[in-house]
Amino acid sequence: MEKELPNTAAFQDEFTSSLLDSTEEVEEGHYLLESATGGYSMPWPKNAVTDGPPFYQRTKDSFEKIIFYDRNEKENYRYSFSTTYSTYGESAINSSLGLLSDSVGYNGEYEKIETEKTRIYYAKSELTYKGSTIYFFFGYITSKESQKGLEYVFSAECIDSSKSNCNIDIKKEEEKALHYMKSVKFNKDE
C-alpha cells in the first residue's frame, strides 16, 4: 500500500516530491532537501514547488540549480527562490558575488555574516515595476570546511498590489531569508 503523502504543495507535486527525502518536517512548515549532489542540504518550504528543467539543473556532483516558488492567490503573495550550488566556494568568491549581483541588478556591498560552519555574504534590494514592489534578499554562502558554495536568492512580492491584503512585512521576510541561508548545511567531503 502506498504511503499517504502529506497534503502540501511540495508533496502533491510529483517533481518536487522526488527531490525531498522525507515527509517528516525538519522544522515547522519545512521539509529537508538533501541535494542529489551530496554536497549540501537546506530547508524546503512545504508549499513551495519546482518544475523539471530548466527550473532544475544538475551536473553530476559539482553543480545544481533549483528555481522554486510558493504562490498563494488567496493570501496575495508570491515567494520565489533560486539556489545555485557549486564547488568553488570561497576560492572564487569575487566572481560568484559578481554573478549574483548581475543576476539581481545589484551594485552595492555585501555584509559578511558568520555562522559556525559557513560564511554568508548578504545583501538586499527592491525593485518597483508597474506600481508593484519586489523585495530581494540574497547571499552567497560558503563552507568553512570545504570549497563548496551556494548562491541563494529569495524574493517576496504581492501578486496584485492593488488589493488591500497586499501586506508584505519586509522585516519578517528578511528574517525568513536569513534563517534559510543560515540553515544551509554543507556536507563534509568523504
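Does Glu 174 count as buried or exposed, and at what relative accessibility? At 11% relative accessibility, Glu 174 counts as buried; buried means under 20% relative accessible area, exposed over 50%, and partly exposed in between (1.4 Å probe, protein chains only).

1. Basis. This is a predicted model, in which local features need pLDDT of at least 70 and side-chain atom pairs count only at pLDDT 80 or more, while totals for chains, interfaces and linings use all residues. Residues are numbered from 1 along each chain as its sequence is written, and side-chain values use heavy atoms, with hydrogens and water left out.

2. The partner of Glu 174. Glu 174 forms a salt bridge with Lys 124, with the closest N and O atoms 3.1 Å apart; the term requires a side-chain nitrogen of Lys or Arg within 4 Å of a carboxyl oxygen of Asp or Glu. The pair links distant parts of the chain, 50 residues apart: Lys 124 is in strand E7 (residues 118–129) and Glu 174 in helix H4 (residues 170–182). Helices (H or I, at least four residues) and strands (E, at least two) are DSSP runs, numbered from the N terminus. Lys 124 is partly exposed, at 44% relative accessible area.

3. Other salt bridges. The structure holds nine salt bridges. One of them joins Lys 188 and Glu 145 (3.8 Å, N to O). Lys 188 lies in the segment after strand E10 (185–186) and Glu 145 in the loop between strand E8 (132–143) and strand E9 (149–157), so this pair ties together parts that are 43 residues apart in sequence. Lys 188 is exposed at 57%, whereas Glu 145 is partly exposed at 39%. Salt bridges also link Glu 90, Glu 114, Arg 119 and Lys 144 in a network.

4. Asp 70. This residue, in strand E4 (residues 63–72), is buried yet has no salt bridge. The nearest side chain of opposite charge is Lys 176, 6.3 Å away; Lys and Arg count as positive and Asp and Glu as negative, with His and the chain ends not counted. The Asp 70 side chain does make a polar contact with the side chain of Tyr 77 (3.5 Å). A polar contact is a pair of N or O atoms within 3.5 Å; within protein, one must be able to donate a hydrogen and the other to accept it, and residues adjacent in sequence count only if both atoms are side-chain atoms.

5. Lys 176. The charged end of Lys 176 sits over the ring of Tyr 79, 3.7 Å from its centre (criterion: NZ of Lys or CZ of Arg within 6 Å of the ring centre and within 35 degrees of the ring normal).
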